[in-house]
Amino acid sequence: MSWGLTFEKLLLIGLIAVIIIGPDRLPGYAAQFGRLIRSLRDMANGAKERMREEMGPDYDDVDWKKLDPRQYDPRRIIREALSDDPTPTPAVAPPTATVRESAYAQRQRLIREGRPAPFDSEAT
């Protein structure tokens, strides 16, 4: 995630910053940048400690590398999910001799028999 910045480009940006800022204000900005980096590091460590406190002893048992989003590979996840099934189900069901009646034929048969047609209360 260097956004295409190489060492040479960073050096050029630093040199331009030195020229623009000037030698008299540069130490102040460098100190301010150092404080910013230190505060960011302290915030990250604080979040890590808070997570450790809230999770308790389970924090050390978590495999953090497995939860890294950079490790996400849908093909691997599907392959692992499929390999966990010890008894594979047949892909095609065996043909049966029963014949299903269509909804229209079932409705006509119920009307002829004098019974009400099936009603689904959950249908919209």
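Ile20 is found in helix α1, which covers residues 7-21 of this predicted model. Helices here are DSSP runs of H or I with at least four residues, strands are runs of E with at least two, and both are numbered from the N terminus. Ile20 is exposed because its relative accessible area is 63%. The classes are set by relative accessible area: buried is under 20%, exposed is over 50%, and partly exposed lies in between (1.4 Å probe, protein chains only). Ile20 also belongs to a nonpolar surface patch of about 530 Å², together with Leu12, Leu15, Ile16 and Ile19. Patches are made of residues with over 30% relative accessible area and no salt bridge; like charges are joined within 9 Å, and nonpolar side chains (Val, Leu, Ile, Met, Phe, Trp, Tyr) within 5 Å. Accessible areas come from the Shrake-Rupley method with a 1.4 Å probe, and for residues only the protein chains shown count as cover.

Helix α1 has 15 residues. Its first and last C-alpha atoms are 21 Å apart, close to the expected 21 Å. The expected span is 1.5 Å times one less than the number of residues. Just after α1, Gly22 takes a positive phi of about 95°.

Helix α2 has 30 residues and should span 44 Å at 1.5 Å a residue; the distance between its end C-alpha atoms is 43 Å, which agrees.

Along the sequence the pattern reads α-α-α-α. Of its 124 residues, 3% count as buried. The chain exposes about 12,000 Å², and carbon and sulfur atoms supply 62% of that area.

Side chains of opposite charge can pair when their charged atoms come close. A search of the whole structure finds four salt bridges. In a salt bridge, a side-chain nitrogen of Lys or Arg lies within 4 Å of a carboxyl oxygen of Asp or Glu. One of them joins Arg50 and Glu54, at 2.9 Å from N to O. Both residues lie in helix α2 (residues 26-55), four residues apart, about one turn of the helix. An α-helix has 3.6 residues a turn, so residues three or four places apart point the same way. Arg50 and Glu54 are both exposed.

Glu113 and Arg109 lie four residues apart in helix α4 (residues 103-113), about one turn of the helix. Glu113 counts as partly exposed because its relative accessibility is 44%. Arg109 is also partly exposed, at 25% relative accessibility. Glu113 forms a salt bridge with Arg115 as well, with the closest N and O atoms 3.1 Å apart. At 45% relative accessibility, Arg115 counts as partly exposed. Salt bridges that share partners join Glu101, Arg109, Glu113 and Arg115 into one network.

Confidence was computed as pLDDT, the predictor's score for each residue from 0 to 100. The chain has a mean pLDDT of 81, and 85% of its residues reach 70 or more. Confidence is lowest in helix α3 (residues 74-83), at a mean of 82, and highest in α2, at 92.

Residues are numbered from 1 along each chain as its sequence is written, and side-chain values use heavy atoms, with hydrogens and water left out. Because the model is predicted, local features need pLDDT of at least 70 and side-chain atom pairs count only at pLDDT 80 or more, whereas totals for chains, interfaces and linings use all residues.
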